[in-house]
Amino acid sequence: MIVVSRAQFTAAAVPLTKMARGRVYFFSTALDTEIPESKRKYIPRSGTYPKGFAVAGSYVGVKASNTRFPDLALICSETPCSAAAVFTTNKFQAAPVQVSKATLEKRHGQGIRSIVINAGCANAVTGKGGIEDAWSMGAEVDKCNGLHEPSTIVMSTGVIGQRLPIKKIVDAIPVTHSQLSSTHSAWLSTARAICTTDTFPKLISQSFTLPSSPDRTYSLAGITKGAGMIHPNMATLLGALCTDAPIEPSALKSLLNHAVARSFNSISVDGDTSTNDTVVLMANGAAGGKSIGSASSADYATMQDILTMFAQSLSQLVVRDGEGATKFVTVRVQNSPCYESARIIAATIARSPLVKTALYGRDANWGRILCAVGYAQGVKSGVVMPERTSVSFKPVDGSPVLKLLINGEPEKVDEARASAILQDEDLEIVVDLGGGEQGESGLAREEAVYWFCDFSHEYITINGDYRT
């Protein structure tokens, strides 16, 4: 049984529905309605959480239309943490992004104790007043922790260009702080508190070991939010990852950068990016053991693999919750002589409205995929050679791939099988650039992977009334 009750996620209003082409579309602001049946499987029933961290999610009512759901999240460590973050590259960086950057820089990634997050208002493009509001949020958390120096990362998500109801938020922080807990229910409520148009809270956790301490168990937990305006670098998403493994600040930063490049910066919902994007990693070392510092150590290599796979799993939940999405699509560009070019091609396919709408319509229009490969900007010369390019659909049930194009020659497509494959929620598109074996004409075998979703009618509806 899921710890949070269904009633907690259900509003009184019945969503507007519409029939079209034999399907029912639900037009509603996410999380104002019951969690879709298909999404409940992504909500964890239990978890393994890092020692020394406590969390809470509480209701403030930041956005007037929110009358019941948690919208203030707090994550605190009992002891000072090493911390690192990756932020949006948007030139209009929100106040919390600026404040969090300043805090991390001043403390050199050390001595961070908390993360505070509000949903419902992005506190972006709000001038000097917005900066003051972001500092006020962090200062109130620091006060609750008995600290006098800034040691809190601040995040906000929601509508751009509006000031926060800062008094309501600041007044709610001590109450939220008093509710801190390390239980699964508390972590789930905290994940729920950062949602905007998400249809379900996104939370995962895991245990792991390191080579230097094979008998010692460490834990890693993460929450994230995002459903729209998702595309590197980064997207309208927030992420907070916590571990009780001991990691030095310099190592933490490089570990996070590597993981984010292959996870949160390898997903796309609609090709848009935003002003508030932040992914933070905190490590308090509460589980003990040898501190991870050198990038050449076995512990570092193991931690890099664990963190990257963890971040991929967490970021993929964002794609699965893409606004109006009906499909989760993996695009794999393989046998490329250049990784970065393969990544550009994968991103271009993921961003193509024509590819996304074809997948929604269950149309095996591989020409749109090939077209995106051909117009991808920034691809090195010689990477894409039409006579060596192949395209296939790879079913998730393990059945043989459906070959659409082989070495530039079109295959006779079994339309019935293609339609059957496209009925599934999950799909993999494989683009083989025919780069050959290592050493063959100096060509390498690089591969890049992206995760994206389709475009549906509901995406337009959600974003058409987002501010209301």
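Gln304 lies in helix 6, residues 298-320, where helices are DSSP runs of H or I with at least four residues and strands are runs of E with at least two, numbered from the N terminus. The model is predicted, so local features need pLDDT of at least 70 and side-chain atom pairs pLDDT 80 or more, while totals for chains, interfaces and linings use all residues. Residues are numbered from 1 along each chain as its sequence is written, and side-chain values use heavy atoms, without hydrogens and water.

Gln304 is buried at a relative accessible area of 19%; buried means under 20%, exposed over 50% and partly exposed in between, with a 1.4 Å probe and protein chains only. Beyond its neighbours within four places in sequence, Gln304 is in contact with Leu255 and His258 (heavy atoms within 4.5 Å). Because 17 of its 23 residues are buried, helix 6 is largely enclosed by the rest of the structure.

Lys225 belongs to strand 8, residues 213-225, and is buried, with a relative accessible area of 1%. UniProt, in an unreviewed entry, lists "binding site" at positions including Lys225 and Glu323; its positions follow the numbering used here, feature names are shortened, and annotations may be inferred rather than shown by experiment.

Turning to charges and rings, Arg320 lies over the face of Phe328, 3.8 Å from the ring centre. The charged end of Lys356 sits over the ring of Phe455, 4.8 Å from its centre. The criterion is NZ of Lys or CZ of Arg within 6 Å of the ring centre and within 35 degrees of the ring normal.
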